[in-house]
Amino acid sequence: MSIVIYHNPECGTSRNVLEIIRAFAEEPFVIDYLNTGWTRPQLLGLFAVAGLTPREALRISKSPAEELGLTDPAVSDDALLEAMLEHPVLVNRPIVCTPKGVGLCRPSETVFRLIDAASGKTYTKEDGEVVAVP
């Protein structure tokens with residue numbers, strides 16, 4: 001397997017990205033990170049390769065970020081990482097790893113830059129929106 005997706009099956013964007021990968025690339029290795037959790041080195045490595053800070057990777061909507069006080073700009077990256085380890089849902093998704101790189105694939109069509117898909121091909125998301133490979 002050369003593609004890994006950190007996936008939340010309850011998330012429409014994550015489901016769309018998974019299906020785009022299946023349709024245009026290969027069957028990826030799927031990690032349901034809500035069940036497996038994260039490790040600190042894993043998050044640090046993913047964020048470094050993707051060029052993300054913990055704040056940029058923080059999921060605010062449909063997560064306990066606000067209740068935990070994590071949206072305050074004064075909260076350190078280290079505190080955000082600790083919270084992400086305790087509450088895996090705080091990491092925005094899906095994160096996809098391919099030989100072309102690592103990326104947080106929101107919106108779902110951003111995954112096209114990480115896979116080899118023929119330009120001009122289209123994919124219909126589960127909500128009916130049609131997106132084209134650039």
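**View 1. Strand β4 is covered on both faces.** G101 and G103 are buried on one side of β4, and V102 and L104 are buried on the other. "Buried" here means under 20% relative accessible area, with exposed being over 50% and partly exposed in between (1.4 Å probe, protein chains only). As a rule, side chains in a regular strand alternate between the two faces of the sheet. Helices (H or I, at least four residues) and strands (E, at least two) are DSSP runs, numbered from the N terminus.

A note for every view: this is a predicted model, where local features need pLDDT of at least 70 and side-chain atom pairs count only at pLDDT 80 or more, while totals for chains, interfaces and linings use all residues. Residues are numbered from 1 along each chain as its sequence is written, and side-chain values use heavy atoms, with hydrogens and water left out.

**View 2. The open sheet reads β2-β1-β3-β4, with mixed pairing.** On its edges sit β2 (29-32) and β4 (101-104), each pairing on one side only. On average, neighbouring strands are turned by 15° against each other, direction ignored. Strands count as paired if DSSP finds at least two bridges between them. β3 and β4 pair antiparallel over four bridges, and a hairpin of two residues joins β3 to β4. Look for I95 opposite L104 in β4. Further in, β1 (residues 4-7) and β3 (residues 95-98) also run antiparallel, joined by three bridges, with V4 opposite C97 in β3.

**View 3. Two helices lie against the sheet.** Helix α1 (residues 12-24) lies across β1, β2 and β3, at about 160° to β1. Helix α3 (residues 40-50) packs on the sheet too, touching β1, β3 and β4, and its direction makes about 100° with that of β4. For these angles, axes are lines fitted to C-alpha atoms, for helices over the stretch in contact, and values run from 0 to 180 degrees between N-to-C directions.

**View 4. Helices α3 and α5 cross at about 120°, axes 10 Å apart.** That angle makes α3 oblique to α5 (under 35 degrees is roughly parallel, over 145 roughly antiparallel, 65 to 115 roughly perpendicular, and the rest oblique). The crossing is right-handed. Making the contact are R40, L43, L44 and F47 from α3, plus D78, L81, E82, M84 and L85 from α5. Contact means heavy atoms within 4.5 Å. As for handedness, a crossing is right-handed if the near helix is turned clockwise from the far one by less than a right angle, and left-handed if anticlockwise.

**View 5. The largest nonpolar core has 23 residues, and Y6, F47, L70, M84 and I95 touch the most other members.** At least two residues come from each of β1, α3, α5 (77-86), β3 and β4. The largest share, four residues, belongs to α5. A second, separate core of 17 residues includes I5, F24, F112 and A117. Such a core is a set of buried Ala, Val, Leu, Ile, Met, Phe, Trp, Tyr and Cys residues joined through side-chain atoms within 4.5 Å. Zoom in on Y6: leaving aside neighbours within four places in sequence, its contacts include I31, W38, L46, I95 and C97.

**View 6. D77 sits in helix α5.** D77 is partly exposed, at 38% relative accessible area. Not counting residues up to four places away in sequence, D77 touches T53, P54 and R55. The C-alpha atoms of D77 and C11 are separated by 25 Å, with the two residues 66 apart along the chain.
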